Amino acid sequence: MSGFNIQKQIDYWRSGANDALETASLLIENGKILFGLFFCHLSIEKLLKSHYVRCTSSLAPKTHDLLYLSKKLDFELEEEHIAFFATLMYYQLEGRYPESLPETPGKDKALEYFNKTKEIFEWLAGK
């Protein structure tokens with residue numbers, strides 16, 4: 001692919017992942033729970049896309065499916081991480097359409113989800 005710079009793509013996705021995680025924290029702390037959880041999903045999605053580019057030497061696909069992206073990696077995710085992706089997918093997919101808005105968890109539960117996202121994020125960032 002002409003003009004395709006793998007490292008530039010990886011850096012792009014990683015930078016966006018860091019920004020999304022920071023945004024998730026700010027939103028949840030300020031009571032914007034659904035948007036915060038959406039950004040939790042986005043942070044993991046972008047980090048997975050950085051690994052996808054690294055592993056496949058291809059541009060990241062235009063998908064939001066964390067499970068699909070995780071199957072393209074050259075390392076295995078922990079089962080608990082994969083299981084948590086279903087929770088994040090709930091807030092990513094359903095939150096985009098008004099007829100299927102997810103139930104907003106309380107702040108304590110949202111912080112639990114954020115902390116789990118951060119744990120997985122840090123684990124993925126170290127790969």
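Guide: Let us take helix 2, whose 24 residues should span 34 Å at 1.5 Å a residue; the C-alpha atoms at its ends are 34 Å apart, which agrees. The expected span is 1.5 Å times one less than the number of residues. Helices (H or I, at least four residues) and strands (E, at least two) are DSSP runs, numbered from the N terminus. This is a predicted model, in which local features need pLDDT of at least 70 and side-chain atom pairs count only at pLDDT 80 or more, while totals for chains, interfaces and linings use all residues. Residues are numbered from 1 along each chain as its sequence is written, and side-chain values use heavy atoms, with hydrogens and water left out.

Helix 2 is largely enclosed by the rest of the structure, because 18 of its 24 residues are buried (buried means under 20% relative accessible area, exposed over 50%, partly exposed in between, with a 1.4 Å probe and protein chains only). Ser57, which has a positive phi near 55°, follows helix 2.

His51 is buried, and its relative accessible area is 0%. A polar atom of the His51 side chain lies 2.8 Å from the backbone oxygen of Leu124. Such a polar contact is a pair of N or O atoms within 3.5 Å; within protein, one must be able to donate a hydrogen and the other to accept it, and residues adjacent in sequence count only if both atoms are side-chain atoms. If neighbours within four places in sequence are set aside, His51 is in contact (heavy atoms within 4.5 Å) with Arg14, Leu73, Phe75, Leu124 and Lys127.

Leu124 leads us to helix 5, where it is buried together with Ala110, Tyr113, Phe114, Lys116, Thr117, Ile120 and Phe121. Viewed down the axis of helix 5, these buried residues fall within an arc of 165°, so they line one face of the helix; the arc is that of the directions from the helix axis to the C-beta atoms. An α-helix has 3.6 residues a turn, so residues three or four places apart point the same way. With 19 residues, helix 5 should span 27 Å at 1.5 Å a residue, and its end C-alpha atoms, 26 Å apart, agree with this. Asn115 also belongs to helix 5, but it is partly exposed, at 46% relative accessible area.

Helix 1 (residues 6–29) also meets helix 2, for its buried residues pack against helix 2 (33–56) and helix 5 (107–125). Those buried residues are Ile10, Trp13, Gly16, Ala17, Ala20, Leu21, Ala24 and Ile28. From first C-alpha to last, the 24 residues of helix 1 reach 35 Å, close to the 34 Å expected. Asn5 caps the N-terminal end of helix 1, with a side-chain oxygen 3.1 Å from the backbone nitrogen of Gln7. After helix 1 comes Gly31, whose phi is positive, near 80°.

Next, the aromatic rings. Rings of Phe, Tyr and Trp (its six-membered ring) pair if their centres lie within 6.5 Å; planes under 30 degrees apart count as stacked, over 60 as edge-to-face and the rest as tilted. This rule gives six aromatic pairs. Phe38 and Phe39 make an edge-to-face pair, since their ring centres are 5.7 Å apart and their planes stand at 80°. Phe38 is buried at 19% relative accessible area, whereas Phe39 is partly exposed at 23%. The pair of Tyr91 and Tyr113 is tilted, with 6.1 Å from centre to centre and 50° between the planes. Tyr91 lies in helix 4 (residues 79–93) and Tyr113 in helix 5, so this pair ties together parts 22 residues apart in sequence. Tyr91 is buried, with a relative accessible area of 7%, and Tyr113, at 14%, counts as buried too.

Finally, the setting. The protein chain has five helices and zero strands. Its radius of gyration is 15 Å, close to the 14 Å that the globule rule gives for 127 residues, so it is as compact as a globular protein of that length; the radius is taken over C-alpha atoms, and the rule is 2.2 Å times the number of residues to the power 0.38. Of the 127 residues, 42% count as buried. Among contacts with a separation of 6 or more, 61% join residues 24 or more positions apart.
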